[in-house]
Amino acid sequence: MQLTQHTDFGLRMLILLAREGGSLSLPRFADTQGLSYNHVAKVAQTLVREGIVTSQRGRNGGIALAADPAAIRIGAVVRTLERGLRLADCARCALRNDCRLSGILAEALEAFLTVLDRYTLADSAEFGMPAFAPWTQPAGYLQGTCAAPGD
């Protein structure tokens, strides 16, 4: 499962806001992250509209968290940014009237979101852990068919 760029950028913004406090300049954020300002602005608009952040215009403007980072659940943010989240498009499938897969995928998606609900923005903004990078692991690592480096 992979989240959209919209959600990715939103979570990045929120993590920086949780770490730094105060407000975040969208042009500066876009520049330091190597992202399109227009895309960043659209994500910020969603976060403002949903009440996750507040915005302030002007030279010293930007966005700021609307609540304490410990009160913002990652699962709630993902649900907000990933409107219509689903794992498969069963509406266009010829098997849709005789298939259990949609129920299985819905259960898997709920399990995914339940894990995210256990964590807050404050948890995800903690320093000291490198990013989990499965693409740097040997084939089979996530399936448990090979040992992790150094094992």
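**View 1. A polar contact between the side chains of T7 and E82.** In this predicted model, the side chain of T7 makes a polar contact with the side chain of E82 at 2.6 Å. (A polar contact here is a pair of N or O atoms within 3.5 Å; within protein, one must be able to donate a hydrogen and the other to accept it, and residues adjacent in sequence count only if both atoms are side-chain atoms.) T7 sits in helix α1, and with 0% relative accessibility T7 counts as buried; the cut-offs are under 20% relative accessible area for buried, over 50% for exposed, and partly exposed in between, with a 1.4 Å probe and protein chains only. Setting aside neighbours within four places in sequence, T7 is in contact (heavy atoms within 4.5 Å) with V78, L81 and E82.

**View 2. Helix α2 and its buried face.** Helix α2 covers residues 26-33, and L26, F29 and A30 are buried there. Down the axis of α2, the buried residues fall within an arc of 95°, so they line one face of the helix; the arc is that of the directions from the helix axis to the C-beta atoms. The cover over these buried residues includes α1 (5-20), α3 (37-49) and β2 (62-65).

**View 3. Where α4 packs on α5.** Two packed helices are described by the angle between their axes and the distance between the axes. For α4 (residues 74-81) and α5 (residues 101-117), that gives an angle of about 130° and axes 6 Å apart. Axes are lines fitted to C-alpha atoms, for helices over the stretch in contact, and angles run from 0 to 180 degrees between N-to-C directions. α4 and α5 are therefore oblique to each other (under 35 degrees is roughly parallel, over 145 roughly antiparallel, 65 to 115 roughly perpendicular, and the rest oblique). On the α4 side, I74, G75, A76, V78 and R79 meet E110, L113, L116 and D117 of α5.

**View 4. G75 in helix α4.** G75 has 0% relative accessibility and counts as buried. Beyond neighbours within four places in sequence, G75 is in contact with L113, L116 and D117. G75 and V115 are 40 residues apart in sequence, yet 7.6 Å apart in space, C-alpha to C-alpha.

**View 5. L101 in helix α5.** At 44% relative accessibility, L101 counts as partly exposed. L101 and C90 are 11 residues apart in sequence and 9.0 Å apart in space, C-alpha to C-alpha.

**View 6. Zooming out to the protein.** There are 6 helices and 2 strands, in the order α-α-α-β-β-α-α-α along the sequence. Helices (H or I, at least four residues) and strands (E, at least two) are DSSP runs, numbered from the N terminus. Of the 151 residues, 29% are buried.

**Notes.** Residues are numbered from 1 along each chain as its sequence is written. In this predicted model, local features need pLDDT of at least 70 and side-chain atom pairs count only at pLDDT 80 or more, while totals for chains, interfaces and linings use all residues; side-chain values use heavy atoms, leaving out hydrogens and water.
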